[in-house]
Amino acid sequence: MRTSIVAALLGASVCGVGEARAQAPAEHWEFTIAPYVLMPTMQGTTGIGNLPAISVDASASEIFSHLQMGAMLYFQAKKGNWAFATDAIYMELKQDLAPDATRVSGSVTMKQGAWEGFLLY
């Protein structure tokens with residue numbers, strides 16, 4: 001009896017999947033716009049020219065305390081079986097430097113961006 005119920009449920013779910021695939025694709029445009037947020041961290045080494053490399057280890061709270069501007073956005077346009085999607089991120093960080101034995105004063109700014117585009121079928 002238990003096997004018959006499981007088999008019936010499994011058969012019903014497979015039939016449902018087949019029916020969903022048999023539907024004709026939409027002939028009107030469908031759009032998705034989705035801003036999102038990530039919790040970034042930075043770890044590694046960095047350097048400039050012949051200067052010695054330094055290590056970087058920044059937590060999400062440290063990064064957000066220096067965030068000047070940030071944006072993340074996913075966009076998709078779909079019609080029928082075809083879709084175009086794009087994903088873009090941008091981040092600008094800034095930190096003022098206090099004078100010490102190695103520098104007078106100043107500030108450091110870092111800008112980072114990435115963009116991806118997709119054609120889907």
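**Aromatic pairs**

I searched the whole structure and found three aromatic pairs (rings of Phe, Tyr and Trp, the last by its six-membered ring, with centres within 6.5 Å; planes under 30 degrees apart are stacked, over 60 edge-to-face, the rest tilted). I looked at Phe31 and Phe75 next: their ring centres lie 6.2 Å apart with planes at 25°, so this pair is stacked. The pair joins distant parts of the chain, Phe31 in strand S1 (residues 30–35) and Phe75 in strand S4 (residues 67–79), 44 residues apart. I note that strands are DSSP runs of E, at least two residues, numbered from the N terminus.

Trp82 and Tyr121 make a tilted pair, 4.7 Å centre to centre with 50° between the planes. I placed Trp82 in strand S5 and Tyr121 in the segment after strand S6 (106–120), 39 residues apart. I also noted a cluster of Trp29, Phe31 and Phe75, linked by ring pairs.

**How I read the model**

This is a predicted model: I took local features at pLDDT of at least 70 and side-chain atom pairs only at pLDDT 80 or more, while totals for chains, interfaces and linings use all residues. Residues are numbered from 1 along each chain as its sequence is written, and side-chain values use heavy atoms, without hydrogens and water.

**Asp87**

I found Asp87 in strand S5 (residues 82–97). Its side chain makes a polar contact (N or O atoms within 3.5 Å, one able to donate a hydrogen and the other to accept it; residues adjacent in sequence count only if both atoms are side-chain atoms) with the side chain of Tyr36, at 2.7 Å.

Conventions: Helices (H or I, at least four residues) and strands (E, at least two) are DSSP runs, numbered from the N terminus.
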